[in-house]
Amino acid sequence: MRKMFCPSVLALVISLTFIPFLPNPLFAKDLVIGINTPLSGAAAPTGLGLLRAMELAAEDINATGGIKVGKESYTLKLITYDNKYDAKEAVASVNKLIYNDKVKYIITTGGTCVIAVNPLITENKILHIGYTYGGKKATNPNTPYTFRSIMEPIQGHSALLPYIVEKFKVKTIALTSTDDETGLIQAEDAEVVAKRLGLTITDKAFAPRGTADFTPMLTKLIAKKPQAIDFGAWAGSDGPLACKQAKELGYTGVMIFSYSQSIPTFEKVAAGFMDGVLFYGIYATDPSPIATQAAKRYEEKYKQKFDPIVWRNVDVGYVLKKAIETAGSVDPTAVKNVMPKVQIDGVFGRTRIGGKSYYGIDCQFLFPVPLTTYDGKQKKLVELHRGGMPADY
Amino acid sequence: MDTVPFYIQVFTNGVVLSCYYILVAVGLNLIMGIMHIVNFAQGTVYMLSAMLLYILCEELGLNYFFSGALAIAGTAGLGILMERFLFRRLLGQFLPSLVMSLGLLLAIEGAVWLRFGIISKAVTSPFRGLFKFWGASISYERVVVIVGGLLLIAGLFIFIRHTKAGKAIRAVEQDREAAILHGIEITKICRLVFIVSFALSAAAAFLVSPMLVIDPNIGHTPLLKGLVIIVLGGMGSVTGTLVGGFIIGFIESIAGSFFDPTIASIFSFVILVGILLVRPSGLLPYRM
């Protein structure tokens, strides 16, 4: 009995001594990511989409051994605050995340929120990923710790407008958009790319979101006979309503919806008027097997119909994992420095980080964007083209 | 677009916008003229009837015209309830009625938001299709708004000017005490005014919904335009509402087609200020 006892004790002592040095998730440290996103109010579906995408990614990463840094292994843990898509709330949430929760990685939803929290982020050297538009106001050389996970209109136009111009022999274009900051930036971006391609801008028109009747504005735009119209930041029900009313006015040119559109809303509001309309970033089928898998896991976990908005955020967790592992450190500055070297096969295909030629800093997630059209006869979306950004972008 | 079709288009847009605004504004103005209260929830009434139309048509699958009739009847019924239980006791009290109707607006919109969410709805249009008129494209939906709107406005005029009930409404509007002395029951007239006013807003929703979208905020534009039209045309004046409505509708169409929608709105307010400087009581005050 005594003979058996001694080797057992010895084995236990040896195991307890060495186990912490093994890459075992049981002994992994926590890597906390702060989620600063709207979970109430009108933007809640977007915020919830981001949170769930991060939950799925964290679950997957943790199940496959976590994030490995040298001999250590990190388990992803999320701390979430509702920023209500409000700049003041977003700043309060980031303060709590930095000073109470001691978080070094934060993901923020919302243009105004990202812009508002950026000074705190930079000052505290927090690695920050914004699910936001906001152009150079949100990401620029003065915000070196902030990255953007979604493609902006400027990238959508750069990737897809050359194809449209070529395929539909477009020489003139009219621009319309909302008269808020998002809309003006969207139109500005379209104008930059259109001019670069040698297109003539026949006219521009802006109106408030929720405009009841677009007909007077569209009458003015169509009177100048543009071969194409870009509908800028018109989204929600505004986009399809403008589409329907343009077609009712007899417009037969190319209609480009470069902003995120809800296809079910489009099908309801502009039923019978969608044939040939072009959409940026809308997928006719699942963009990749990874995307299909993400959708399946989402429906299994949340018992809800998958919302494609989730796809946009699935890659964030994997990009962070790759960057931390490449840096060999969880220090945000080290991770920030390697971000431009990171590439993953993500939901939308090969995802990398670039944008220096436009933002002055490599801060932008870049991936192929689809151009989809609606086939009125088959009553379904058909992908025409998938465009990416040049390697030196 | 060539010159003639362009002007036809601008004219059509002007008439459509005018009819849309007038139908909501005239109800608002009738209540103001008779009861001396302001119902800020009038735009919300328009939104509620559009939502009711959506439920009946899209969720219950009823015929559009039958749904429209039910929505108009239901909204008129709501008018009776609101008049009896909320507004009757505020007769002639401008400020309390303003606060009450603002509260109603917020409460109803909040409730609708909870039930339907923020995502816009649309009813399946029974008036699909277009026709060409001198090169201009005009949808049947717009023709329905124009014809329906003009018929309703004409009907309202006949009702106000040539029926006993209409004459009673005018009498109350002109001199409440004299009307009472002549045996006119004010409560009945108030109820009638609420019924007509709510039914007109519901009729506007019936005509316009196939052309536009439905969400909890759709009442804001007609309410705001309605108030501008009333100030422009003259408080309590149905004729003034008609004139003011056509002025605002055509300004929006013309300025929007030549300049910008934002400039169109600025134009409306500049003209409003200009007219008020010359005629502070509006263009046609005291003309029922």
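Predicted model: local features only at pLDDT ≥ 70, side-chain atom pairs only at ≥ 80, totals over all residues.

Trainee: Fine. How many residues of chain B are in contact with chain A?
Mentor: 33 residues of chain B, and they touch 27 residues of chain A.

Trainee: And what area is buried between chain B and chain A?
Mentor: About 2,400 Å². Carbon and sulfur atoms give 56% of that.

Trainee: How many salt bridges are there between chain B and chain A?
Mentor: Three. One of them pairs R142(B) with D213(A). Their closest N and O atoms are 2.9 Å apart.

Trainee: Which elements of chain B supply at least two residues each to the side that touches chain A?
Mentor: α1 (3-35), β2 (136-139), α5 (140-162), α10 (238-258) and α11 (261-278). Of the elements, α1(B) gives the most, with six residues.

Trainee: What's the make-up of that side by class?
Mentor: On chain B, 16 nonpolar, 10 polar and seven charged residues.

Trainee: And polar contacts, how many residue pairs between chain B and chain A?
Mentor: Nine residue pairs, counting those with both residues at pLDDT 80 or more.

Trainee: New topic. Which residues form the nonpolar patch on the surface of chain B?
Mentor: Y7(B), I254(B), F258(B), F259(B), I263(B) and F267(B). Together they have about 530 Å² of accessible area.

Trainee: Which elements give two or more residues to the patch?
Mentor: α10 and α11 of chain B. F258(B), for one, sits in helix α10 of chain B.

Trainee: Back to salt bridges. How many over all chains?
Mentor: The structure holds 20. Look at K301(A) with E59(A), whose closest N and O atoms are 2.8 Å apart.

Trainee: What does the pair K301(A) and E59(A) tie together?
Mentor: K301(A) lies in helix α11 (residues 289-302) of chain A, and E59(A) in helix α2 (residues 44-63) of chain A, so the pair ties together parts that are 242 residues apart in sequence.

Trainee: Last one. Where does K247(A) lie?
Mentor: In helix α9 (residues 238-248) of chain A. The C-alpha atoms of K247(A) and L218(A) are separated by 9.8 Å, and the two residues are 29 residues apart along the chain.

Trainee: What does K247(A) touch, leaving out residues up to four places away in sequence?
Mentor: M255(A), F273(A), M274(A), D275(A) and V277(A), plus L130(B) from chain B.

Key. Residues numbered from 1 in each chain as written. Chains lettered and ligands numbered in written order. Heavy atoms only, no water. Contact = heavy atoms within 4.5 Å. Buried area = accessible area lost by both parts, 1.4 Å probe. Salt bridge = Lys/Arg side-chain N within 4 Å of Asp/Glu carboxyl O. Polar contact = N/O pair within 3.5 Å; in protein donor to acceptor, adjacent residues only side chain to side chain. Helix = DSSP H or I, 4+ residues; strand = E, 2+ residues; numbered from the N terminus. Nonpolar A, V, L, I, M, F, W, Y, C, P; charged D, E, K, R; others polar. Patch = residues over 30% accessible without salt bridge, like charges linked within 9 Å, V, L, I, M, F, W, Y side chains within 5 Å. Areas by Shrake-Rupley, 256 points an atom, 1.4 Å probe, with all protein chains shown as cover.
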